[in-house]
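Please look over the sequence and the model before reading on.

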Amino acid sequence: MASQWHSLVSQKLFLARTLLDDSGTPADAPHSALRQEAALQGATELLLRARRLLLVMVARLYQHRSGEPDNLEALADLVGTEASELGQLQELARQGSSWWNHLEQLEAVQSRPPATKKTVSADNIIAVSAAAGPDRSSAGLRGTLDAMKKFADDLEERHSEW
């Protein structure tokens, strides 16, 4: 049963990779930025969906056939705090540079309207700073996607040996 969930996670990751691959293809100039933004946002949504499905996959590995956790706390309630996969995911959540945290940051950015920017005039310029935020580049998303895929594949392989 868990392998079906692994297939679904893999499918979402494959579709996200397809969008990222297509985002770099040259298209007509006026629409290329729009297409790239659509591909990046679409790939991000697919990665977020894959992460949620990964939690369901872990729940299924622990024989919880109807539980569909949408965060680590809900997963802990289902499988218990001693589950090794939960520990791995919690460790990823604590690491600032992990794929889990990258997705947390992307979700926060993508779930809120963009910040309004002040108009610049000579009177209100105090300092210049670059906009901070998660890496939304194709390469950044690919790195997260690859790490997620490896995690899901390792999880499936470890449990299919039983």
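**Helix packing and the nonpolar core**

Helix 4 passes helix 5 in a right-handed crossing, where right-handed means that the near helix is turned clockwise from the far one by less than a right angle, and left-handed anticlockwise. Helices (H or I, at least four residues) are DSSP runs, numbered from the N terminus. The model is predicted, so local features need pLDDT of at least 70 and side-chain atom pairs count only at pLDDT 80 or more, while totals for chains, interfaces and linings use all residues. Residues are numbered from 1 along each chain as its sequence is written, and side-chain values use heavy atoms, with hydrogens and water left out.

**Helix 4 and its partners**

- Helix 4 and helix 5 pack at about 60 degrees with their axes 6 Å apart; axes are lines fitted to C-alpha atoms, for helices over the stretch in contact, and angles run from 0 to 180 degrees between N-to-C directions.
- That angle makes helix 4 oblique to helix 5, given that under 35 degrees counts as roughly parallel, over 145 as roughly antiparallel, 65 to 115 as roughly perpendicular and the rest as oblique.
- Leu89, Leu92, Ala93 and Arg94 of helix 4 make the contact with Trp99, Trp100 and Asn101 of helix 5, where contact means heavy atoms within 4.5 Å.
- The axes of helix 4 and helix 6 come within 12 Å and cross at roughly 165 degrees, which makes helix 4 roughly antiparallel to helix 6.
- The crossing of helix 4 and helix 6 is right-handed.
- On the helix 4 side of this pair are Glu85, Gln88, Leu89 and Leu92, which meet Phe151, Leu155, Arg158 and His159 in helix 6.

**Buried faces**

- Glu85, Leu86, Leu89 and Leu92 are buried in helix 4; buried means under 20% relative accessible area, exposed over 50%, and partly exposed in between (1.4 Å probe, protein chains only).
- These four cover an arc of only 120 degrees around the axis, so they sit on the same side of helix 4; the arc is that of the directions from the helix axis to the C-beta atoms.
- In helix 3 the buried residues are Leu72, Leu75, Ala76 and Val79, and they line one face of the helix because they fall within an arc of 100 degrees.
- Glu73 and Asp77 are exposed on the other side of helix 3.

**The largest nonpolar core**

- This core has 37 residues, and Leu47, Leu54, Leu75, Leu89 and Trp99 have the most contacts inside it.
- A nonpolar core is a set of buried Ala, Val, Leu, Ile, Met, Phe, Trp, Tyr and Cys residues joined through side-chain atoms within 4.5 Å.
- Two or more residues come from each of helix 1 (2–23), helix 2 (29–61), helix 3 (72–79), helix 4 (84–94), helix 5 (99–110) and helix 6 (138–160).
- Helix 2 gives the most, with 14 residues.
- Beyond four places away in sequence, Leu89 touches Leu55, Leu72, Leu75, Trp99, Trp100 and Phe151.

- Leu13 lies in helix 1 and is buried, with a relative accessible area of 2%.
- Leaving aside neighbours within four places in sequence, Leu13 is in contact with Leu47, Ala50, Leu145, Met148 and Lys149.
- Leu13 and Leu46 are 33 residues apart in sequence, and their C-alpha atoms are 6.9 Å apart in space.
- Leu46 lies in helix 2 and counts as buried at 19% relative accessibility.
- With neighbours within four places in sequence left aside, Leu46 is in contact with Lys12, Leu15, Ala16 and Leu19.
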